[in-house]
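These are my notebook entries on one structure. I set down what I looked up, entry by entry.

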Amino acid sequence: MVAAGLVASAASRVPAEASMTDHGVLDYGGGDAGGAEHDGHHAGVDISTLTGPADRTPDRRFALDARAARVTLASGERVDAWTFNGTLPGPELRVRQGELVEVTLTNADVPAGVTVHWHGVNVPNAEDGVAGLTQDAVRPAGRHVYRFVAEQTGTFWYHSHQQSNDQVRRGLFGALVVEPRTAAAGTDLVVLAHAWSTSHDDRDGWTSALSVAAATPSTGTVRRQVTPGTRVRLRLVNADNEPRVHALAGAPFRVTAIDGNDVAGPTDLTGRALLVAGGGRYDVELTMPAGPVQLTLTRDTNGRGSPAVLLSPDGLGELRHAPPGDVLDPAAYGSPTDLPYGADSAFDRTFTLLLGETIGFYNGRPGQWTTINGGVYPDTPVLAVAQGDLVKVTILNRGFEDHPMHLHGHHMLVLSRDGRAATGSPWWTDTLNVAPGERYEVAFRADNPGLWMDHCHNLEHAAEGMTTHLMYLGYHTPHRVGPDTGNQPE
Ligand SMILES: [Cu+2]
């Protein structure tokens, strides 16, 4: 496998201009080719017709303006950022389930152009915000309007999907929350983790920080006053490349949602650590006790301790942390419920994604590259499906780095982890951290037609070629990708 990877990556070069579906080998997953071998993949439905409702008046309108800004963190460190609306992170967008959301994206001065991808929201394909696949990047002075109905409740985020490795690192992202039609009472806070490239006293470095409710990121402890007895919901969003381990002390808590999907029958946890995949989200709920509660980003010291959020009745106090316990395994948490399909279902297509690393040349540059089935984009397999198919994907990590695999436009049901069937609440995910040596089986229904990215959300890895696509047979894109087109999604 290593030898095959060397050969594949040695030959890999991103074409200057191409259609994103013209890469790799079409993998039909054991299913029907749907006539694709005759008419190629340029016939059929143009995905730019797959928009949200265009003829109704939106319930909510937002404007996001991409622009350069220099932002100073509370610690004094400066970030030379690209922002939405001048702030880090971008504004928190909160909507209600069922609302038609319209977002107008403009670009003041980000030279490479920008897009907005709605991470975890199963929008119609043309609204997915991937440069070169579902739209062209929005150049300075340009604009693009997104429309979608917020059908799923939960915690999501949005970010640019043009040169995403660079642009997300520099701040082009924010939180998106879809509240139920009747919002729950209590305190509801988005806590967003990210590692920032900073400069301070002429020294450059990286610093991990937490942003609470879209406030400027803090490398220290953020304090909030909360009355005892209040229901508290913390919406953890990991906008970083690496998995982030969160610890919560001071009260028993429950994980009530993962990647915007409610957990069934969540039970009280004490001292368990929570690993949130790069790009993933966990919702945590607790009842505020008489003393302080502290959420800490562990294993993540930045020279002054770890970023943390402290809730207490008077906004004061300290909490000494016991070392965090074992990491919660969502495959064995909560209660099973009826499922539309499971491990015993008859699958229309089955795929295997083997994740790893290889040494070789990519775009003429020597280095270590992250691979899918031994290849780097464009030499990765395209997963071809037909609308309505039930699909199973086995993902194995034979490498030595975490790979948070993100499928656009769909949620995946975890069937098994390392050969053991999932026993807890149905675990639906859009961003699954696959650690070195791990093996997952996941399933999804192909019920959102179009062309979708399926890639590692360590965006550095994606830029290094760890990206492929889910292609519905009979759909094609008019957009082009590659350096000569100005569209470079990773
Ligand atoms: Cu990766």
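Predicted model: local features only at pLDDT ≥ 70, side-chain atom pairs only at ≥ 80, totals over all residues.

Residues are numbered from 1 along each chain as its sequence is written, and side-chain values use heavy atoms, with hydrogens and water left out.

**Entry 1**

I looked up the division of the chain and found domain 1 (2–43 + 338–485), domain 2 (60–179) and domain 3 (187–328). These bounds come from an automatic or database domain assignment. Taken over C-alpha atoms, the centres of domain 2 and domain 3 are 23 Å apart.

For the interface I counted contacts, meaning heavy atoms within 4.5 Å. By this count, 30 residues of domain 2 touch 30 residues of domain 3. About 2,400 Å² is buried between domain 2 and domain 3, and carbon and sulfur atoms give 58% of that area.

I then looked for polar contacts, that is, pairs of N or O atoms within 3.5 Å; within protein, one must be able to donate a hydrogen and the other to accept it, and residues adjacent in sequence count only if both atoms are side-chain atoms. Eight residue pairs, both at pLDDT 80 or more, are in polar contact between domain 2 and domain 3. On the side of domain 2 that touches domain 3, the elements giving two or more residues are β3 (60–72), β4 (78–84), β9 (154–159), α3 (164–169) and β10 (173–179). Such elements are DSSP runs numbered from the N terminus: helices (H or I) of at least four residues and strands (E) of at least two.

**Entry 1. Salt bridges**

How many salt bridges does the rule find across the interface of domain 2 and domain 3? It finds one, where a salt bridge is a side-chain nitrogen of Lys or Arg within 4 Å of a carboxyl oxygen of Asp or Glu. I also recorded the salt bridge between the side chains of D188 and R94, at 2.7 Å from N to O.

The structure holds 25 salt bridges. One of them pairs R235 with D283, with the closest N and O atoms 3.4 Å apart. R235 lies in strand β14 (residues 231–238) and D283 in strand β19 (residues 281–287), so this pair ties together parts 48 residues apart in sequence. Are R235 and D283 buried or exposed? Both R235 and D283 are buried, on the scale of under 20% relative accessible area for buried, over 50% for exposed and partly exposed in between (1.4 Å probe, protein chains only).

I looked up a further pair, R244 and D240, whose closest N and O atoms are 2.3 Å apart in a salt bridge. R244 is buried at 10% relative accessibility, and D240 is buried at 9%.

D259 and R281 also form a salt bridge, with 3.6 Å between the closest N and O atoms. This pair links distant parts of the chain, 22 residues apart: D259 is in the loop between β16 (254–258) and β17 (261–262), and R281 is in strand β19. The relative accessible area is 2% for D259, which is buried, and 0% for R281, which is buried as well.

H403 in strand β26 (residues 403–407) and C456 in strand β32 (residues 451–456) are 53 residues apart, a pair that links distant parts of the chain. H403 is buried at 0% relative accessible area, and C456 is buried at 0%.

**Entry 2. Backbone details**

I found a cis peptide bond from L88 to P89, with omega near -15°; P89 is in the loop between β4 and β5 (93–96). The peptide bond from Y377 to P378 is cis, with omega near 10°.

A214 is not a glycine, yet has a positive phi of about 70°. A214 sits in the loop between β12 (203–212) and β13 (221–225) and is partly exposed at 27% relative accessibility.

Terms used: Buried area = accessible area lost by both parts, 1.4 Å probe.
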